[in-house]
Amino acid sequence: MTAPADPLDPVRSALLRAAHTAADEVRDRARADAQETLRAARASADEVLAQARDRGAADGAAAAAGERVRAVQDAWAAELAARAAVYAELRARVREGVRRALARGAVPQARLAARARTLLGADAHVTAAPAGGVTAEVPGRRVDLSADALADRALERLGARAAALWEPP
């Protein structure tokens, strides 16, 4: 015996097919939406990464520029310190040389005293300087022809030519 055909079978079959079709459409739309979301997320991530790279490059360039400025400043400070040390050594040696020359009589004390009187007048009070040379005074004026003052003036007269001390030979 065969079971009688249920008159709702064709309706059930149609509803089942419609449900499968609707489910397939929903699944396909969900896949498409997921792919679009992934594409948008990847594009956004790429943009964020590019911006981060650009910011990192800019920050790195700024930091490098700052380091270069600091390095130049440090180098200049070191060069100035070296120049000052060399100049101080030169000054000390020139002063010592002038002291020795005056002690040996290269320029007689009387000649320095005469020069002081020429500058200040015959009434100038002339005194021997401890390290050689003389100083002289009249009211309101003073002349220093001591060994150290003579050496310092000689170095000052070098003026811009002293810069040659810092140039390579």
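A nonpolar core is a set of buried Ala, Val, Leu, Ile, Met, Phe, Trp, Tyr and Cys residues joined through side-chain atoms within 4.5 Å. Buried means under 20% relative accessible area, with a 1.4 Å probe and protein chains only. This is a predicted model: local features need pLDDT of at least 70, side-chain atom pairs count only at pLDDT 80 or more, and totals for chains, interfaces and linings use all residues. Numbering starts from 1 along each chain as its sequence is written, and side-chain values use heavy atoms, without hydrogens or water.

**Core**
- The largest nonpolar core has 11 residues, among them Leu102, Leu112, Val134 and Leu145.
- Helix H2 (109-120), strand S2 (133-138) and strand S3 (141-146) each supply at least two residues of this core.
- Leu112 is in contact (heavy atoms within 4.5 Å) with Leu102, Val107, Gly133, Val134, Leu145 and Leu150, leaving aside neighbours within four places in sequence.

**Fold and shape**
- The chain has three helices and three strands, taken as DSSP runs (H or I, at least four residues; E, at least two).
- Their order from the N terminus is α-α-β-β-β-α.
- The C-alpha trace spans about 160 × 35 × 25 Å along its principal axes.
- Of contacts between residues at least 6 apart in sequence, 35% join residues at least 24 apart.

**Surface and burial**
- Buried residues make up 15% of the 169 residues.
- The chain exposes about 12,700 Å² (Shrake-Rupley method, 1.4 Å probe).
- Carbon and sulfur atoms supply 60% of that area.

Methods:
Buried means under 20% relative accessible area, exposed over 50%, partly exposed in between (1.4 Å probe, protein chains only).
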